[in-house]
Amino acid sequence: MAKEVDPCDHSEVVDAGCVRAVLAELVLTFVFVFTGVAATMAAGVPEVAGAAMPMAALAGVAIATALAAGVLVTAGFHVSGGHLNPAVTVALLARGHITAFRSALYVAAQLLASSLACILLRYLTGGMATPVHTLGSGIGPMQGLVMEIILTFSLLFVVYATILDPRSSVPGFGPLLTGLIVGANTIAGGNFSGASMNPARSFGPALATGVWTHHWIYWLGPLIGGPLAGLVYESLFLVKRTHEPLLDNSF
């Protein structure tokens with residue numbers, strides 16, 4: 001029988017496995033954001049806010065982001081589940097795959113890691129402008145919000161289909177396939193909404209630069225799209241619904 005997760009299991013605070021998992025999220029998210037932001041800086045930030053990034057540069061950023069996501073999720077999967085993203089954490093919380101207590105620790109670690117990565121990058125690049133997620137020219141807040149909802153929906157749908165669904169024929173490749181959808185979405189939405197799909201990825205650059213324009217979109221969109229994907233997949237496509245967490249309650 002599937003086990004229901006206690007949403008408020010505060011005993012985890014003294015669990016060594018929980019501590020390792022939170023530290024893993026801190027390290028993995030730091031490396032992910034550092035790589036993604038550094039790749040965007042190297043590609044060249046458009047001088048005009050909202051201007052489209054050349055497709056070749058955007059493709060380079062997408063490849064770097066996809067590789068970082070796929071490899072780092074794989075590297076951390078057996079320790080923390082390799083979330084690297086508050087939208088993933090909240091989506092799994094909403095469907096009972098992780099406790100509320102641990103999810104709060106994960107999100108705090110992810111935001112701290114992103115902030116440290118972006119602050120360090122500003123130092124290492126001599127104060128070079130840190131690219132902040134912004135809406136493309138002609139894209140309104142509601143359009144950007146819907147774009148982020150759809151992109152994050154597709155990300156979590158892939159997570160459910162390739163990792164969480166026990167019927168998946170490619171469970172070992174799930175993290176790498178997750179990286180591929182992140183890359184594809186970056187190309188598809190990068191010049192429209194920024195294709196964040198990850199509140200932590202947007203938070204660090206905003207904190208480092210003090211630019212918070214339309215920042216709410218990069219929280220609300222992913223935090224709607226992620227849980228919605230979980231609801232749709234478990235309701236329509238998961239034959240035998242389970243609330244048993246991955247890795248036997250280890251994250």
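Trainee: How many aromatic pairs does a search of the whole structure find?
Mentor: Seven. Rings of Phe, Tyr and Trp (its six-membered ring) pair if their centres lie within 6.5 Å; planes under 30 degrees apart count as stacked, over 60 as edge-to-face, the rest as tilted. This is a predicted model: local features need pLDDT of at least 70, side-chain atom pairs count only at pLDDT 80 or more, and totals for chains, interfaces and linings use all residues. Residues are numbered from 1 along each chain as its sequence is written, and side-chain values use heavy atoms, with hydrogens and water left out.

Trainee: What kind of pair do Y160 and Y233 form?
Mentor: A tilted one: 6.0 Å centre to centre, with 40 degrees between the planes. Y160 sits in helix α5 (residues 141-164) and Y233 in helix α8, so the pair ties together parts 73 residues apart in sequence. Helices here are DSSP runs (H or I, at least four residues), numbered from the N terminus.

Trainee: Is Y160 buried or exposed?
Mentor: Buried, at 1% relative accessible area. Y233 is buried too, at 6%. Buried means under 20%, exposed over 50%, partly exposed in between (1.4 Å probe, protein chains only).

Trainee: Which residues do ring pairs link into a cluster?
Mentor: F153, F157, Y160, Y233 and F237.

Trainee: On to α7. How many of its residues are buried?
Mentor: Nine of 11, so α7 is largely enclosed by the rest of the structure. Among the buried ones are R201, F203 and P205.

Trainee: What do those buried residues pack against?
Mentor: α1, α3 (86-94), α4 (100-124) and α8.

Trainee: And T29, where is that?
Mentor: In helix α1 (residues 16-43). T29 is buried, with 0% relative accessible area. Leaving aside neighbours within four places in sequence, T29 is in contact (heavy atoms within 4.5 Å) with L84, Q110 and A113.

Trainee: Last one. Which residues form the nonpolar patch on the surface?
Mentor: M142, W216, L220 and I224, with about 390 Å² of accessible area together. Areas come from the Shrake-Rupley method with a 1.4 Å probe; for residues, only the protein chains shown count as cover. Patch members have over 30% relative accessible area and no salt bridge; like charges are joined within 9 Å, nonpolar side chains (Val, Leu, Ile, Met, Phe, Trp, Tyr) within 5 Å. A salt bridge is a side-chain nitrogen of Lys or Arg within 4 Å of a carboxyl oxygen of Asp or Glu.

Trainee: Where does W216 lie?
Mentor: In the loop between α7 (199-209) and α8 (217-236). W216 counts as partly exposed, at 41% relative accessibility.

Terms used: Helix = DSSP H or I, 4+ residues; strand = E, 2+ residues; numbered from the N terminus.
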